[in-house]
Amino acid sequence: RKARLPDLDTLADRVAAGERRALARAITLIESTRPEDRALSTALLQKLSGLKRQALRIGLSGTPGVGKSTFIEAFGIALIDAGLKVAVLAVDPSSTRTGGSILGDKTRMERLSRAPEAFIRPSPSLSHLGGVSRRTREAVALVEAAGFDVVLIETVGVGQSETMVAEMSDLFVLLLAPAGGDELQGVKRGIMETADLILVNKADGDLKSTATRTCADYAGALRLLRKRPEDPEGFPKALMVSAVTGLGLEQAWSEMQALAKWRQAEGHWDARRAAQARGWFEAEVRAGLLARLTEDTATRTAMDRLGADVAAGKLTASQAAENILETLGAAPALETDP
Ligand code: GDP
């Protein structure tokens, strides 16, 4: 391997001091699937979790071309001007390219990528959603430990990645384009229900009047949704913005802050994070068990042997499955807190 990692304590200290190179290295470490790197990642994250630092985690989704990069650049700069440190993480489970654009591409966020108060990390090319999900939430934990105030988690509005991002965010923002006619743009109901803020982008020039109409349509649709206990009056909300002229960016930020403050005060913030952490723990256990089924040689051999018995009619499928599950249950117990 090329660059040796500094020892774990040093790496943790540097991340905690907000050093961007150390942060980048730490993220590379957590993206690695080598078992020895996994052990180091787990130890690093455990160490840094003691800092108990929290950023505002904002999930941002939108189809390719809607203006995500342009919005993140303008919004990110505005946050930095307000004295905040901003991290951008991209989530793209299928590939690093979606509709011709690379999520988290630094050349498309030129000013932001040069700002010392910003940290941008493009999506890694991991193929399965489970890996992407873990990588992203661990990367979020790292940027929080590094002292960033806001982390924007960018994704495309396709498939499960959107739900996954919504589930790891404190606030979920949907970026939409102005659309002609009075038809809502086929936004899935499920996603409308997870959105806290719908931003109709490109409200400038020729598109302004269409944007105004689109925004009113969405505001109407949002009012029809069942009220969620974690929302104050008036949320979820639809607003018009222009990533190009900067229209509405300030208001979008103040709405996000208002919502975050309300949820903190009402206990929804902590409850949501606690539920998220519990969900990840259970997902990790499931993933670990699954990995054991496919990767553990002894289990693999037993599966093949029992599979042959089932195929030959010597054992029923249920009996064979029970045998395997018993073996897994008898394996060394997971570490538990004392
Ligand atoms: P992404 O694929 O969602 O990241 O979209 P981009 O940020 O690359 O933007 C796609 C296109 O829309 C580019 O040509 C942008 O210049 C343009 N665009 C983005 N935001 C705005 C906006 O607020 N107003 C206008 N008129 N064009 C915009």
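Predicted model: local features only at pLDDT ≥ 70, side-chain atom pairs only at ≥ 80, totals over all residues.
**Entry 1: the ligand**

I started at the ligand and found 18 residues around it, the closest being Gly67, Lys68, Ser69, Thr70 and Lys202. Residue numbers start from 1 along each chain as its sequence is written.

I then sorted the shell and got five nonpolar, nine polar and four charged residues. I counted Ala, Val, Leu, Ile, Met, Phe, Trp, Tyr, Cys and Pro as nonpolar, Asp, Glu, Lys and Arg as charged, and the others, Gly among them, as polar. Which helix gives the most to this shell? I found that α4, residues 68-81, does, with three residues.

**Entry 2: the sheet**

Next I listed the elements and got 13 helices and nine strands. These are DSSP runs numbered from the N terminus (helices: H or I, at least four residues; strands: E, at least two).

Seven strands form an open sheet with parallel pairing, and I read the order as β5-β2-β6-β1-β7-β8-β9. Pairing here takes at least two DSSP bridges between two strands. From one strand to the next, the twist averages 20°.

Val88 sits opposite Ile120 of β5.

Back to α4: I see this helix lying across β1 (56-61), β2, β5, β6 (150-155) and β7 (171-176), and it runs at about 160° to β2. Axes are lines fitted to C-alpha atoms, for helices over the stretch in contact, with angles from 0 to 180 degrees between N-to-C directions.

**Entry 3: Val140**

I picked Val140, in helix α6 (residues 129-145). Is this residue buried, exposed or partly exposed? Val140 is partly exposed, because 19 other C-beta atoms lie within 10 Å; buried takes 20 or more, exposed 12 or fewer.

Leaving out residues up to four places away in sequence, Val140 touches Arg57, Leu89, Val151, Ile153 and Met168. A contact means C-beta atoms, placed from the backbone, within 7 Å.

**Entry 4: whole protein**

Finally, I noted that 34% of the 338 residues count as buried.

Notes:
Near = placed C-beta within 6 Å. Contact = placed C-beta atoms within 7 Å.
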